[in-house]
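This briefing concerns the predicted model shown below. The points that follow are grouped by topic.

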Amino acid sequence: IVRLGGAERLRYRVEGREVVGQLVIGRQWKGGDDGFRLVADIRYLQTLSVHGAAVTDAGIAHLKGMAALQRIELYGTKVTRRGLEELKKALPRTDIDYRRGALLGVQGIGGSDGARITYIAPGSAAAKAGLKALDVIVEIGRASCRERV
C-alpha cells in the first residue's frame, strides 16, 4: 500500500494484533480502484482517510467487509451518492464523512486560542499556501491573520 502512495499513521499492537490507527490515501495514490483490495486486507484498520484520490464506487466496494473500521473519510473522490449509500448499509457502525468539494489539506486540534495544525497533506492547498504543523489558525476570511507558534 505504501508503494502505491498510501501512508500509514499510528501502527501499534493490541493483544498480539497489528492495528493501523489511520491509513491516508491521497492524490498520489497509484493503486486505483483495484488497489483498495489491499486496503481491505488490513484486518484491524481504525480510520481510512481518502483525500483527493480518484477512487470510485468500484474501489470502495472492496471495503464493505471491513467491520472493524471506525471511520472513513471520503473527501474529493469520484464516489457517487449511490456508492456512499451502499457502503453505509454494509458498514452501519462506521462513521463515514463524505465531502465532494475541495480540501484545504490540514488536520488540527481546536482550542480556546484557535485551531492548532497537527498535519499538512503534501501537495495540498495548505502546503502550497505555506501553512505548517503547529501554526494556529485564529481567524478565517480576512486578508491578514496573526501567526502564533
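**Sheet architecture**

Five strands form an open sheet in the order S1-S2-S3-S4-S5, and their pairing is mixed. From one strand to the next, the twist averages 10°.

**Strand pairing**

- Strand S2, residues 17-25, pairs with strand S3, residues 45-51, in the parallel sense.
- Five bridges connect S2 and S3.
- Leu 23 has Leu 48, in S3, as its bridge partner.

**Helix packing**

- Helix H3, which spans residues 81-90, packs on the sheet and touches strand S4 (71-75) as well as S5.
- The direction of H3 makes about 175° with that of S5.

- Asp 97 lies in strand S5, which covers residues 95-99.
- The relative accessible area of Asp 97 is 15%; because buried means under 20%, this residue is classed as buried.
- Leaving aside residues up to four places away in sequence, Asp 97 touches Arg 71, Ile 72, Glu 73, Leu 74 and Tyr 75.
- With Tyr 75, there is a polar contact between the two side chains, that of Asp 97 and that of Tyr 75, at 2.7 Å.

Definitions and conventions:
Residues are numbered from 1 along each chain as its sequence is written. This is a predicted model: local features need pLDDT of at least 70, side-chain atom pairs count only at pLDDT 80 or more; totals for chains, interfaces and linings use all residues. Side-chain values use heavy atoms; hydrogens and water are left out. Helices (H or I, at least four residues) and strands (E, at least two) are DSSP runs, numbered from the N terminus. Buried means under 20% relative accessible area, exposed over 50%, partly exposed in between (1.4 Å probe, protein chains only). A polar contact is a pair of N or O atoms within 3.5 Å; within protein, one must be able to donate a hydrogen and the other to accept it, and residues adjacent in sequence count only if both atoms are side-chain atoms. Contact means heavy atoms within 4.5 Å. Two strands pair if DSSP finds at least two bridges between them. Axes are lines fitted to C-alpha atoms, for helices over the stretch in contact, and angles run from 0 to 180 degrees between N-to-C directions.
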